[in-house]
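Please find below my notes on the model.

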Amino acid sequence: MTFFAISSSLLGTALVVRVLGELDYRHAPAFRGEMDRAWQAGTPTMVVVDVGEITFCDSTGVAQLIQVLRRSRSQGFGLALVGLHGVLERILTITGLRSSFGVFATVEEAVRSGGSASALVDRNPGGVDDDVREDVDHQGDHAADRDDSRADPEERPVGA
């Protein structure tokens with residue numbers, strides 16, 4: 001059983017969403033549901049997603065973050081990630097998506113710097129293109145398709 005928790009609150013006019021545990025295909029519906037509830041409660045000036053306690057994030061989780069980015073841009077407010085680390089940071093960097101998000105060390109720093117939503121919205125005026133999203137959505141698919149029979153016998157997994 002994997003652990004996942006999400007909560008949201010307002011800090012001034014910023015919506016702060018805290019995610020803990022594994023943001024993956026099993027927990028994406030809960031993440032999406034919380035984001036939908038938070039947006040229905042009102043339109044914030046910016047959204048801060050605290051990912052500092054995420055222990056794992058697969059391509060479905062990354063796709064959810066991209067959806068949040070798109071929605072925030074379509075509604076005209078900024079989006080910041082706080083506590084970006086580990087594999088999630090690496091995935092966003094390798095795919096070129098890291099620069100699409102405002103990235104900050106603390107929630108307070110993100111909120112302070114987001115006084116003008118356009119400062120974050122304009123960081124990537126072209127938005128996230130669909131080709132990049134498609135690559136991210138299917139990033140994990142290739143590992144299962146790999147043919148380990150061609151691998152060096154020393155590197156082949158046990159039982160292969």
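**Notes on the model**

1. D36 sits in helix α1. Helices (H or I, at least four residues) and strands (E, at least two) are DSSP runs, numbered from the N terminus. D36 is partly exposed, at 30% relative accessibility. Here buried means under 20% relative accessible area, exposed means over 50%, and partly exposed lies in between (1.4 Å probe, protein chains only).

2. A word on the basis. This is a predicted model, in which local features need pLDDT of at least 70 and side-chain atom pairs count only at pLDDT 80 or more, while totals for chains, interfaces and linings use all residues. Residues are numbered from 1 along each chain as its sequence is written, and side-chain values use heavy atoms, with hydrogens and water left out.

3. Which residue does D36 meet in a salt bridge? The partner is R71, at 2.9 Å from N to O. A salt bridge is a side-chain nitrogen of Lys or Arg within 4 Å of a carboxyl oxygen of Asp or Glu. D36 belongs to α1 and R71 to helix α2, so the pair ties together parts 35 residues apart in sequence. R71 is partly exposed at 27% relative accessibility.

4. The salt bridge count is 6 by this rule. One of them joins D24 and R26, with the closest N and O atoms 2.5 Å apart. D24 is buried, with a relative accessible area of 1%. R26 is partly exposed, at 43%. E22 joins D24 and R26 in a network of salt bridges.

5. E89 and R98 form another salt bridge, their closest N and O atoms being 3.3 Å apart. E89 is partly exposed, with a relative accessible area of 26%. R98 is also partly exposed, at 30% relative accessibility.

6. Now the sheet. It is open, has 5 strands in the order β1-β2-β3-β4-β5, and its pairing is mixed. β1 (4-11) and β5 (102-104) are at the edges with a single partner strand each, so one side of each has no neighbour in the sheet. The twist averages 20 degrees from one strand to the next. Two strands pair if DSSP finds at least two bridges between them.

7. How many bridges join β4 to β5? There are 3, and the two strands run parallel. β4 covers residues 78-82. Within this pairing, A80 stands opposite G102 of β5.

8. Helix α1 (residues 28-40) lies across β1, β2 (14-23) and β3 (46-57). Its direction is about 15 degrees from that of β1. Axes are lines fitted to C-alpha atoms, for helices over the stretch in contact, and angles run from 0 to 180 degrees between N-to-C directions. Contact means heavy atoms within 4.5 Å.

9. The length of α1 checks out. At 1.5 Å a residue, its 13 residues should span 18 Å, and its end C-alpha atoms are 18 Å apart, which agrees. The expected span is 1.5 Å times one less than the number of residues. Just after α1, G42 takes a positive phi of about 155 degrees.

10. Which residues of α1 are buried? They are A28, F31, G33, E34, M35, A38 and W39. The buried residues of the helix pack against β1, β2, β3 and α2.

11. The largest nonpolar core has 28 residues, and V49 and L88 have the most contacts inside it. At least two core residues come from each of β2, α1, β3, α2 (59-74), β4 and α3 (86-94). A nonpolar core is a set of buried Ala, Val, Leu, Ile, Met, Phe, Trp, Tyr and Cys residues joined through side-chain atoms within 4.5 Å. Neighbours within four places in sequence aside, V49 is in contact with V17, V19, L65, V68, L79, A80, L81 and V82. A second, separate core of 9 residues includes V16, V48, F104 and A110.

12. Last, D50. This residue is in strand β3. D50 counts as buried, at 16% relative accessibility. Neighbours within four places in sequence aside, D50 is in contact with V17, R18, V19, V82 and V107.
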